[in-house]
Amino acid sequence: MKKLIFTLAFVCVAHFGFAQDDAFKKDIKKVIEVSGASGQLSAAKKQVLSYIPEAKQAAFLVEFDAILAKINDKTVEIYAQEYTKEDIKAMLAFYESPVGKKMAEKSELIATKSQESMGELQGEIQTLVMKYMQ
């Protein structure tokens, strides 16, 4: 009888732990979504897509989106390692505020403009690297 009670208690505790873990991961996914991180990925996706012939874009997007899903899963794992549940709750509160929403809304535009400005400076960076590689 003791073994049965111990086993049931263990199963209940394990189930509760997994449920909390799932809730934590769900909150992390929401933070990633509402933070605008997906906007940055969208900007990169658009840039890469511009190099793909139109006839191949649909097939490319299927495969690219599968890779993005893996990236999101890895990002969730990283957040879970680096942030506490309280941190994630605080981030959600911020991103649900007016300024947090504005930041998320502007993320794709900011990412696009940043990529453009980095492209303009790429020549300078290459020159600098070459200078110090010799």
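Lys-46 has a relative accessibility of 55% and therefore counts as exposed, where exposed means over 50% relative accessible area, buried under 20%, and partly exposed in between, with a 1.4 Å probe and protein chains only. The model is a predicted one, in which local features need pLDDT of at least 70 and side-chain atom pairs count only at pLDDT 80 or more, while totals for chains, interfaces and linings use all residues. Residues are numbered from 1 along each chain as its sequence is written, and side-chain values use heavy atoms, leaving out hydrogens and water.

Lys-46 is a handy place to begin a tour of the charged pairs. Its partner is Glu-108, in a salt bridge whose closest N and O atoms are 2.7 Å apart; a salt bridge here is a side-chain nitrogen of Lys or Arg within 4 Å of a carboxyl oxygen of Asp or Glu. Because Lys-46 lies in helix α2 and Glu-108 in helix α5, the pair ties together parts that are 62 residues apart in sequence. Glu-108 is partly exposed, at 24% relative accessible area. By the stated rule there are 5 salt bridges.

Another of them joins Glu-96 and Lys-30, at 3.2 Å from N to O. This pair also links distant parts of the chain, with Glu-96 in the loop between α4 and α5 and Lys-30 in helix α1, 66 residues apart. Both residues are partly exposed: Glu-96 has a relative accessible area of 42%, and Lys-30 has 37%. A further salt bridge, between Asp-21 and Lys-25, has its closest N and O atoms 3.8 Å apart. Here both residues lie in helix α1, 4 residues apart, or about one turn of the helix.

The wider architecture can now be set out. The chain has 5 helices and 0 strands, counted as DSSP runs numbered from the N terminus (helices H or I, at least four residues; strands E, at least two). Of its 134 residues, 16% count as buried. Contacts are heavy atoms within 4.5 Å; among those between residues at least 6 apart in sequence, 74% join residues at least 24 apart.

On α4, the buried residues are Ile-88, Met-91, Leu-92 and Tyr-95. These residues lie on the same side of α4 because they cover an arc of only 100° around the axis, the arc being that of the directions from the helix axis to the C-beta atoms. Apart from neighbours within four places in sequence, Leu-92 is in contact with Asp-27, Lys-30, Val-31 and Val-34. Asp-27 lies in helix α1 and counts as buried because its relative accessibility is 17%.
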